[in-house]
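Q: Please take a close look at one part of this model, the helix packing, and then at a few positions in the loops. I would like the cut-offs behind each term.

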Amino acid sequence: MFTASKLLALLASLFATVLLALVIVAPRGEAETPGPSSPPIAALNFASFHEAISGHQIVDGQHQEEVLRVANTIPPELQPALKGTEFVNGCHPWTTKELGDCAFGTYDPAGWDSDDTHGHEWANTIWISSQAVRTGKVPDVVLHEVGHAVVHNLFDDCYFPKQAEATVKELLLQNFTHGDADPAELLADAFVVAFSTHSDEVHTYYFEQFNFEVSRAVILKVRAAVWLCSK
Ligand SMILES: [Zn+2]
């Protein structure tokens with residue numbers, strides 16, 4: 001039987017897991033020029049956005065143009081997951097509070113604030129810090145965060161043929177089980193390997209941190225899932 005307190009504990013742990021899944025701390029790479037078929041991602045209405053959250057002094061904006069330029073290099077096959085997603089140069093409020101530092105990148109589907117409330121104006125955003133821009137790793141940081149968006153928006157209600165017992169998200173995560181690392185973070189790093197277009201060594205913070213090796217077969221499975229679930 002499920003008591004109310006057990007249910008609350010379960011919900012709290014689920015909540016924490018979901019939030020943690022949205023956080024990333026690193027990446028490395030060079031930008032590619034935008035593909036001819038990818039429509040430009042519209043510039044953020046920065047003034048109103050800044051006004052909305054300026055109390056937290058978290059929107060930097062110094063590198064907003066560079067962040068948008070990289071956002072426009074996102075491969076077209078990943079763009080169905082980014083309907084209405086805006087890119088912000090700054091430190092995400094909830095992540096900053098949680099880490100005690102500005103994360104390189106955060107994907108936030110629900111608009112989380114530092115006081116653990118959500119539904120704020122910055123729902124459906126990807127945040128990229130100025131520090132990430134200065135390292136030159138933004139293309140890979142962006143791909144990692146876009147990976148979170150793809151999993152969240154496309155893989156949760158999508159099924160491989162003849163595998164109706166589990167969603168694509170659940171089946172893919174099984175390939176990233178690890179004693180210490182969050183499988184959702186490893187899966188997001190797989191997007192960097194699968195979709196990076198630069199010729200430098202890709203930066204995959206979680207793969208490196210946890211010495212995780214991803215097979216070519218799993219990368220192909222991730223690509224196939226994107227193809228299947230974005231239709
Ligand atoms: Zn992440």
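A: What follows takes the helix contacts in turn and then the loop positions.

The model is predicted: local features need pLDDT of at least 70, side-chain atom pairs count only at pLDDT 80 or more, and totals for chains, interfaces and linings use all residues. Residue numbers start from 1 along each chain, in the order in which its sequence is written. Helices (H or I, at least four residues) and strands (E, at least two) are DSSP runs, numbered from the N terminus.

Packed helices are described by the angle between their axes and the distance between the axes. Here an axis is a line fitted to C-alpha atoms, for helices over the stretch in contact, and angles run from 0 to 180 degrees between N-to-C directions. Helix α6 spans residues 138-155 and helix α8 residues 183-195; their axes come within 7 Å and cross at roughly 120°. That angle makes α6 oblique to α8, given that angles under 35 degrees count as roughly parallel, over 145 as roughly antiparallel, 65 to 115 as roughly perpendicular and the rest as oblique. The α6 and α8 crossing is right-handed; a crossing has this hand if the near helix is turned clockwise from the far one by less than a right angle, and is left-handed if anticlockwise.

Two residues are in contact if their C-beta atoms, placed from the backbone, lie within 7 Å. On the α6 side, the residues that meet α8 are Asp140, Leu143, His144, Val146, Gly147, His148, Val150 and Val151. Their counterparts in α8 are Leu187, Ala188, Asp189, Phe191, Val192 and Phe195. By class, this contact of α6 with α8 has nine nonpolar, three polar and two charged residues. Nonpolar covers Ala, Val, Leu, Ile, Met, Phe, Trp, Tyr, Cys and Pro; charged covers Asp, Glu, Lys and Arg; the others, Gly among them, are polar.

Helix α6 also meets α3, with axes that come within 10 Å and cross at roughly 65°. This crossing of α3 and α6 is right-handed. Glu66, Val67, Val70 and Ala71 in α3 meet Val138, Pro139 and Val142 in α6. The residues of that contact comprise six nonpolar, no polar and one charged.

Which residues of α3 are buried? In this helix (residues 64-71) they are Gln64, Val67, Val70 and Ala71. They lie on the same side of α3 because they cover an arc of only 130° around the axis, the arc being that of the directions from the helix axis to the C-beta atoms. A residue is buried if 20 or more other C-beta atoms lie within 10 Å of its own, exposed if 12 or fewer, and partly exposed in between; C-beta atoms are placed from the backbone.

Now the loops. Thr167 is in the loop between α6 and α7 (168-173). Thr167 is partly exposed, because 17 other C-beta atoms lie within 10 Å. Beyond its neighbours within four places in sequence, Thr167 is in contact with Phe155, Asp156, Asp157, Cys158 and Tyr159.

Gly179 sits in the loop between α7 and α8. Gly179 counts as exposed, because it has 5 C-beta neighbours inside 10 Å. Its C-alpha atom is separated by 9.4 Å from that of Phe210, 31 residues apart along the chain.

Asn211, in the loop between α9 (205-209) and α10 (216-229), is not a glycine but has a positive phi of about 50°. Asn211 is exposed, with 9 C-beta neighbours inside 10 Å.
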